[in-house]
Structures are given as C-alpha cells and as structure tokens.
Amino acid sequence: MKKELKSNLTTLCYIEKNGCYLMMHRISKEKDINHGKWIGVGGHFEENESPEDCLLREVNEETGLTLTSYSLRGIITFISDGWGCEYMHLYTADAFEGTLTQEQMNTCNEGILRWIPKEQIMDLDLWEGDRVFLDFLLTQNAFFSMKLEYHGDKLVNITTKQY
C-alpha cells in the first residue's frame, strides 16, 4: 500500500446518472471529519499520483466503477483553524463502466452510497462550503477556484474566481 502524502491533497467527484449525483453518507467511521455528512466520492492522494490517478483509484475503491468520462471542474482550498489546509480537485463524471449493486451501495467501508436527484442535493446534511461549490457546479458551466475558510465548523469566508 502506498503512503499518503504529508500535504492534504484530495479529489472529490460527483458522478451523474439520470439527473442524479452519486452521494456518500459518511456514517461508517467514528473518527471521520465528515461523519454524518453527505459528500461525493474521492479521497487522499497516494505517493506519486496525479489528480486523475487519485480520482480513478478512489472512485473504483469506493464504488467499483471505472470512470470513462470526467471533467476537472474546480480547485477548492479549505482552510480551518481546526484541521489545517486541504487542496481538493473537484470533478464531475457523466460516464462509467460497471454496475453499482444495492449491496455495494450499502457496504462501502466509508458509508452508504445513494443516487440523489440534483434538485434534492441541498436538502441533505452538507458542509456549508459544499453547499457553495455544489450550487456553483449545478448552475455554472465554468472552471473555478474557490477558497473556503472555516472557524471550527462555521464557514467564515468565501473567495471565488471563475475562469
């Protein structure tokens, strides 16, 4: 197993199918900063991985799917007085190979997976900052950079640049 990098580099992907995004309800691990939240799929870079390598590996590990069409949509910088700094590469995907069975959806080691209609995403228990970039993903078709600053769990500052 490759070791994780010391810096906090991650990927996150929203896989789309029939007007829904595949979302993970993070309920499996007790010590999980995302415990109880709904997020896309993804995770931390391993040694010598590119963002695409990390994306494809993490999606396959968490879902069993192999992405065949995906787009880098943004770079999100999270800053927090509680957990430091994270640089997240944000993707959407609209095609994949493989089938996600109901059993796989219920047995992911990080939580449960569900296809959620896009119009219901904002009804989920999300991080404040995730609501901001998800709104951007759902309403804009541009690449963007966003900086989200937290004090504890409270989002205190947002900076966005659209390209």
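Start by selecting Tyr-163: this residue is exposed, with a relative accessible area of 58%. Exposed means over 50% relative accessible area, buried under 20% and partly exposed in between, with a 1.4 Å probe and protein chains only.

The model is predicted: local features need pLDDT of at least 70, side-chain atom pairs count only at pLDDT 80 or more, and totals for chains, interfaces and linings use all residues. Residues are numbered from 1 along each chain as its sequence is written, and side-chain values use heavy atoms, with hydrogens and water left out.

Lys-161 lies over the face of Tyr-163, 5.4 Å from the ring centre. The criterion is NZ of Lys or CZ of Arg within 6 Å of the ring centre and within 35 degrees of the ring normal.

Next, select Trp-127. This residue is buried, at 9% relative accessible area.

Now show the aromatic rings. There are seven aromatic pairs in the structure. Rings of Phe, Tyr and Trp (its six-membered ring) pair if their centres lie within 6.5 Å; planes under 30 degrees apart are stacked, over 60 edge-to-face, the rest tilted. One of the seven pairs joins Trp-127 and Tyr-150. This pair is edge-to-face, 5.9 Å centre to centre, with 80° between the planes. Tyr-150 is buried, at 2% relative accessible area.

Phe-143 and Tyr-163 form a tilted pair, 6.1 Å centre to centre, with 45° between the planes.
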